[in-house]
Amino acid sequence: MQKPIIIAISGASGSGKSLFTQNLSLKLGQSSKDILLLQEDHYYKAQDHISIEERAKTNYDHPDAFEHDLLADHLAQLLNNEIIDYPAYCYKTHTRLSECEKIEQAPIIIIEGIMLLTQVQLFDYFDLKVFVDTAPDVCLMRRMLRDTQERGRTIESVAKQYETTVKPMYHKFIEPSKNFADLIVPHGGENHLAVDVVSAFLLNSQNGSLIND
Ligand SMILES: Nc1ncnc2c1ncn2[C@@H]1O[C@H](COP(=O)(O)OP(=O)(O)O)[C@@H](O)[C@H]1O
Ligand SMILES: Nc1ccn([C@@H]2O[C@H](COP(=O)(O)O)[C@@H](O)[C@H]2O)c(=O)n1
């Protein structure tokens, strides 16, 4: 079996990473066994030892909020054809769920997350590093809608978090990490030309080893 190809999709919160990843999967149109989608957010640290009020104060836009060592171990295990215990995360309680999912490698592994290109120790695992580049005001608007509808937040809490951590940490960590990208995608998740380019790269790299070939 050919070595899996791993691509990292990074960019600001609300930039369209998840949508880009979904559109890429649709475009690839392969069997679900061919593509493994992972999220860096699942590697946010567990915070069961502190109260929910304390958890709400954590800076989730700092690299230290994540367990990147565990993510690196899991990528190594997947490349080694081992099964991983993929953590699950809850944005409403700000901690990990108790259940993990058993996951095995696939020919194409796509991982998305805000801090991926700030972690040099992960770069050796990535065959392609993509940065989704969307204007901060557009990201904030999208995040406001998503977090109030899906992540149990109020408009006030999204605004406060944006001002205190999301915006400053974006400028400190995420925006500079764009320099490590192989490909910068403007206009977010609906940039279908970029989806076509990345999908062609993936299919070409895994030529012959996909189930639907
Ligand atoms: N190009 C776009 N046009 C319209 N809505 C978009 C676009 N890209 C993303 N969205 C919406 O904005 C929200 C945030 O996008 P998402 O892909 O979840 O961002 P990220 O994963 O980078 O945080 C989602 O509700 C998504 O459907
Ligand atoms: N308990 C948490 C954990 C994370 N966040 C925010 O999520 C953002 C990253 O996820 P995206 O899907 O938007 O890329 C990040 O900016 C954190 O602020 C949170 O609010 N609460």
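Author: What follows starts at the ligands and then moves to the helices and the sheet.

This is a predicted model, in which local features need pLDDT of at least 70 and side-chain atom pairs count only at pLDDT 80 or more, while totals for chains, interfaces and linings use all residues. Residues are numbered from 1 along each chain as its sequence is written, and chains are lettered from A and ligands numbered from 1 in the order in which they are written.

Ligand 1 is surrounded by 13 residues, of which G16, K17, S18, L19 and R142 are the closest. A residue belongs here if its C-beta atom, placed from the backbone, lies within 6 Å of the molecule. Two elements give two or more residues to this shell, helix 1 (17-28) and helix 4 (136-150). Helices are DSSP runs of H or I with at least four residues, strands are runs of E with at least two, and both are numbered from the N terminus. Helix 1 gives the largest share of the shell, three residues. The shell holds one nonpolar, eight polar and four charged residues. In this count Ala, Val, Leu, Ile, Met, Phe, Trp, Tyr, Cys and Pro are nonpolar, Asp, Glu, Lys and Arg are charged, and the others, Gly among them, are polar.

The shell around ligand 2 includes S13, G14, K17, D41 and Y44, and by class it has five nonpolar, three polar and three charged residues.

Helix 1 also packs on helix 6 (residues 192-205). Their axes are 9 Å apart, at an angle of about 55°; axes are lines fitted to C-alpha atoms, for helices over the stretch in contact, and angles run from 0 to 180 degrees between N-to-C directions. Helix 1 and helix 6 are therefore oblique to each other, the term for angles that are not under 35 degrees (roughly parallel), over 145 (roughly antiparallel) or 65 to 115 (roughly perpendicular). F20, N23, L24, K27 and L28 of helix 1 meet V195, D196, V198, S199 and L202 of helix 6, where contact requires C-beta atoms, placed from the backbone, within 7 Å. Six of these residues are nonpolar, two polar and two charged.

Helix 4, the other contributor to the shell of ligand 1, comes within 11 Å of helix 5 (residues 155-177), axis to axis, and crosses helix 5 at roughly 140°. Helix 4 is thus oblique to helix 5. Among the residues in contact are L140 and M144 of helix 4, with V158 and Y162 of helix 5. This contact divides into seven nonpolar, one polar and two charged residues.

The sheet is open, with five strands in the order 2-7-1-8-9 and parallel pairing; two strands pair if DSSP finds at least two bridges between them. Strand 2 (35-39) and strand 9 (183-186) are the edges, each pairing on one side only. Neighbouring strands are turned by 20° against each other on average, direction ignored. Strand 1 is joined to strand 8 by five bridges, and G11 stands opposite V132 in strand 8. Four bridges join strand 8 (residues 128-133) to strand 9, and F131 stands opposite I184 in strand 9.

Helix 6 links the two parts of this description: besides packing with helix 1, helix 6 lies across strand 1 (5-11), strand 7 (108-112), strand 8 and strand 9, running at about 160° to strand 1.

Definitions and conventions: Two residues are in contact if their C-beta atoms, placed from the backbone, lie within 7 Å.
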